[in-house]
Amino acid sequence: MNSDPTSGMVRVRGAREHNLKNVDVDIPRDSLVVFTGVSGSGKSSLAFSTLYAEAQRRYFESVAPYARRLIDQVGVPDVDSIEGLPPAVALQQQRGTPSTRSSVGSVTTLSSLIRMLYSRAGSYPPGQPMLYAEDFSPNTPQGACPECHGLGRVYEVTEALMVPDPNLTIRQRAVASWPLAWQGQNLRDILVTLGIDVDIPWKKLPKKQRDWILFTEETPTVPVYAGLTPEETRVALKRKMEPSYQGTFTGARRYILHTFTHSQSALMKKRVAQFMLGNPCPVCDGKRLKREALSVKFAGYDIGELSQMPLLQFAEVLKPVAAQTYLDQAEEAGDVFTPSQTLEARAQRVAHGASAHANAPDVRHTPNLSVEKRLAAQRIAQDLLERVSTLTDLGLGYLALERSTPTLSSGELQRLRLATQLGSQLFGVIYVLDEPSAGLHPADGEALFDALQRLKACGNTLFVVEHDLETMRRADWLIDVGPAAGEHGGRILYSGPPAGLEQVKESQTRDYLFAEAASQARTCRKPADWLRLEGSPATTWTTSVWSFHWAVSLRLPVFRGRGNRAWSARRCWNWWARTWDARWLRVMPRNRAWRTMRPRSAAVR
Ligand SMILES: Nc1ncnc2c1ncn2[C@@H]1O[C@H](COP(=O)(O)OP(=O)(O)OP(=O)(O)O)[C@@H](O)[C@H]1O
Ligand SMILES: [Mg+2]
Ligand SMILES: [Zn+2]
């Protein structure tokens, strides 16, 4: 046993990130720690910009010296020291720049399990050799639909789209899809060198030239004479004068498709997308996979259909497979492969550049729904069900596996990552979360809380920035940052078990946390205490009606349980304001400090 009271603590000294005022705080590990405080008080500055950033920095430092460049980007937090800090994982609301190909299925790694299910336990049509996990992934050359390259959509780029007004000349930017500014001029100057008339309307150009400009896959490099007229360029070429530079031409369609698939800039992608006509791919029906992969069925569905189902429906498909009775059914009659057929199929795979999987057993040696296959299916289905239920418990049952993550809301994405972490079996890690309850109905809050508890039970620490009162109440430890926003915040008002916050007068969180708690009980009717209200009707000296200042005080019963302080005060105030035209109200619950209220009724008046 370690008797040092500071062991098991993360000790922060002199944190000054953003508005933090040289903060010292000790935070327990292996606990659910909730960071509270008004917006802008400095919660994220402490939890993310200081604690998480420092954990990241140490991680980078420990793994790779060359990662210093990355550290500079992350930034070194402004803090004197942090001791006892484990590695941290941030489940932040920020989206970063996830690739559009990342989906609910890939983030949760459920997709790879499902591919395994289809490969090992799917029902193959007659004659179809065994397919492996990668054959069921649209993101591999083996699995992608050859027509749409795994995009699920085919794009058409037509002359009408690229040249909306054929009365314009090339110099007048007839090819609207060309890049803007210098790059566009470059293409025009190259066409001048190539002898194409850039000063007659587009529609007057010969069709052969128009098609070449738009659709060519050739990329010739030619001398460019920037700033010269077409006539001067012809002369310069003839005299073999020194060109301004060598320019490379790219066809208009080629430019569009290349930019769309390879550009990192969302803006650029958006610009070129307007010249493309997208339709669901007719070969894969938008399922992104090659035909062979889609010919393998499980429970009557192809893998594309399964990926398009909401998770709740997907779970319904899995339930009978996970059940004991699944083993009772008979295998399907049908063809099985002979060893020589297997060898043949493997040779073909290799010829197509895929892995032979020479050491894997060929599932085609037994019929569809053979005992082996049913056993495999049952195990995978049980595993899948367990993980899907984590997602549905967190209120994500309406999502489908194929949903791309950039389309998820920030709360959805964070809960998705949380569910994934639950399956990751990591321990000794700090999870840092920013308002995981965002967008969650109170009814779903319980599942979120359970998820957090489970991560903790695995030996992890949870740092949660949260405005949800219920989460605050159930925390092991509260850190209240404040008292107000910006430079008026940045101090630690309280650090300890939630109950202790009640004594911290400065805390704005306190008022809500404890007022709400009282309003939840609803039984007691007997007055247990008294609330004294003192109201002052208008004190505006310019108003002749009230030329003097006066105050009235009144004692009201306070019921323990229902009739908490805030409730009574608010109700009394409304009555008071109506009756006396009051502009302010001071509330003093017994044994507590005065609070001045200027409720809405005064402003509305
Ligand atoms: N990168 C930054 N540069 C300068 N000031 C910052 C930066 N980030 C935050 N701040 C300021 O520091 C203060 C605390 O911000 P912080 O993001 O920590 O607040 P918060 O308590 O997490 O609020 P919220 O509940 O709205 O997320 C704010 O006044 C904010 O404007
Ligand atoms: Mg914040
Ligand atoms: Zn396709």
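## Crossing of helices H13 and H15

Helices H13 and H15 pass each other in a left-handed crossing (left-handed if the near helix is turned anticlockwise from the far one by less than a right angle, right-handed if clockwise). Helices here are DSSP runs of H or I with at least four residues, strands are runs of E with at least two, and both are numbered from the N terminus. The model is predicted, so local features need pLDDT of at least 70 and side-chain atom pairs count only at pLDDT 80 or more, while totals for chains, interfaces and linings use all residues. Residues are numbered from 1 along each chain as its sequence is written, and chains are lettered from A and ligands numbered from 1 in the order in which they are written.

The axes of H13 and H15 come within 9 Å and cross at roughly 150°; axes are lines fitted to C-alpha atoms, for helices over the stretch in contact, with angles from 0 to 180 degrees between N-to-C directions. Residues of H13 in the contact include Leu 311, Phe 314 and Leu 318, and those of H15 include Ala 377, Leu 384 and Val 388 (contact: C-beta atoms, placed from the backbone, within 7 Å). The residues of this contact divide into 13 nonpolar, four polar and one charged. Ala, Val, Leu, Ile, Met, Phe, Trp, Tyr, Cys and Pro count as nonpolar, Asp, Glu, Lys and Arg as charged, and the others, Gly among them, as polar.

## Helix H15 and its cover

H15 comprises the 23 residues 371–393 and reaches 32 Å from its first C-alpha to its last, close to the 33 Å expected, where the expected span is 1.5 Å times one less than the number of residues. Its buried residues are Ala 377, Ile 380, Ala 381, Leu 384, Val 388, Thr 390 and Leu 391. A residue is buried if 20 or more other C-beta atoms, placed from the backbone, lie within 10 Å of its own, exposed if 12 or fewer, and partly exposed in between.

Helices H4 (110–121), H13 (311–322) and H16 (410–422) are among the elements covering these buried residues. Just after H15, Gly 395 takes a positive phi of about 80°.

## Crossing of helices H16 and H17

H16 also passes H17 (residues 445–457), with axes that come within 10 Å and cross at roughly 35°. The contact is formed by Leu 418, Ala 419, Gln 421 and Leu 422 of H16 with Ala 451, Arg 454 and Leu 455 of H17. By class, these residues are five nonpolar, one polar and one charged.

## Backbone features in loops

Most residues other than glycine have a negative phi, and most peptide bonds are trans. Asp 30 has a positive phi of about 55° and lies in the loop between strands S2 (23–28) and S3 (32–36). Because it has 17 C-beta neighbours inside 10 Å, Asp 30 counts as partly exposed.

Thr 109 has a positive phi near 60° and lies in the loop between helix H3 (104–107) and H4. A cis peptide bond, with omega about 5°, joins Gly 482 and Pro 483; Pro 483 is found in the loop between strands S14 (477–482) and S15 (491–496).

## Surroundings of ligand 1

The residues around ligand 1 include His 18, Asn 19, Lys 43 and Ala 485 (near: C-beta atom, placed from the backbone, within 6 Å of the molecule). This shell has one nonpolar, ten polar and one charged residues.

Key:
Two residues are in contact if their C-beta atoms, placed from the backbone, lie within 7 Å.
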